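Please find my notes on the model below, as numbered points.

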Amino acid sequence: MKELLVISGKGGTGKTSITAALADLAEDKVLLDLDVDAPDLHLLLKPEIKRSQPFVSGHLAVVRPYDCTACGTCSELCAFDAIEQLEGVPAVIDPSVCEGCKLCVELCPEGAIDFPSRHCGDWYLSDTRFGPLVHAQLLPGQENSGRLVSMLREQARDLARAQGRDLILADGTPGIGCPVISSLSGASLALVVTEPTPSGLHDLERVLQLCRHFKVPATVLINRADLNPALADEIEDFCRQLGVTCLGRLFFDPVFVEAVVAGKVVSEQEPRGETTLQIAALWRRLAEELCLN
Ligand code: SF4
Ligand code: SF4
């Protein structure tokens with residue numbers, strides 16, 4: 001089984017639109033949205049949710065007001081200032097600030113603080129017109145996205161094995177943080193989508209360093225290359241120096257927006273224009289790199 005991860009050094013490079021087009025072109029795959037902090041692959045693929053599960057991670061302190069004697073011990077102890085204690089009134093813990101360290105739970109003289117698991121979001125197994133999709137939604141302000149990414153990848157692998165599918169096609173998180181590191185672990189190939197801007201080149205350098213560190217082969221696609229052709233040349237030179245394959249350039253094309261307005265992905269748009277043909281060629285190159293043919 002092969003895993004293709006589409007990532008970018010930052011948001012807004014067109015990574016998800018390109019992933020969605022590849023989802024149309026690739027066969028026998030499980031789709032996976034690992035951009036758990038800002039998932040939007042589902043907006044393009046319109047999944048029908050078949051199964052939904054809570055994502056639980058860590059714990060949260062919760063005061064039982066009727067058992068609290070308002071002694072103030074917990075608010076004095078909490079290093080994160082998560083507890084509000086007004087005189088004569090039961091303590092109140094702000095769940096968005098509580099780090100779940102359990103100190104107040106252990107030291108409350110009345111044993112008045114519960115410590116339930118923290119519901120951080122939900123994850124889903126869905127059907128789409130391009131095949132099954134594993135995806136998730138974190139609740140606002142919740143973290144642990146690296147752990148959620150690892151869990152989603154395991155779910156996608158289990159599903160691919162159970163259904164005999166050869167490929168997992170994943171939309172990764174932008175940037176180089178913890179979720180990207182979790183995404184890269186075990187990937188067969190990373191497609192890094194970049195654009196020819198100074199920050200694009202800088203972000204590309206950092207993402208390629210990360211791929212090299214985790215020994216994940218990387219390829220590069222320059223999107224909106226006509227924004228700055230000279231810088232696009234520089235990016236290609238940079239890739240050549242590193243021995244990284246640059247799979248080509250896409251140009252600014254309103255078809256991306258037109259497809260979204262029509263509720264489609266780019267490769268579904270008729271008549272097929274230059275961008276659609278280039279994405280089809282991109283997929284053939286990626287399939288070769290992944291030895292899928
Ligand atoms: S330590 Fe316990 S009893 Fe005291 S204020 Fe906090 S929750 Fe209430
Ligand atoms: S669990 Fe830790 S962080 Fe949360 S309220 Fe208690 S002392 Fe503060």
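1. Lys-215 follows α7 and has a positive phi, near 55 degrees. Helices (H or I, at least four residues) and strands (E, at least two) are DSSP runs, numbered from the N terminus.

2. This is a predicted model, in which local features need pLDDT of at least 70 and side-chain atom pairs count only at pLDDT 80 or more, while totals for chains, interfaces and linings use all residues. Residues are numbered from 1 along each chain as its sequence is written, and chains are lettered from A and ligands numbered from 1 in the order in which they are written.

3. Helix α7 covers residues 198-213, 16 residues in total.

4. Which residues of α7 are buried? They are Gly-200, Asp-203, Leu-204, Val-207, Leu-208, Leu-210 and Cys-211. Buried means 20 or more other C-beta atoms within 10 Å of the residue's own, exposed 12 or fewer, and partly exposed in between, with C-beta atoms placed from the backbone. Pro-198, His-202 and His-213 are exposed on the face turned away from the buried side.

5. Asp-114 lies in strand β7 (residues 113-114). Asp-114 is partly exposed, with 13 other C-beta atoms within 10 Å. Cys-104 is 10 residues from Asp-114 in sequence and 9.7 Å from it in space, C-alpha to C-alpha.

6. Ligand 2 is surrounded by 14 residues (C-beta atom, placed from the backbone, within 6 Å); the closest are Ala-61, Cys-78, Cys-98, Cys-101 and Cys-104.

Definitions and conventions: Expected span 1.5 Å × (residues − 1).
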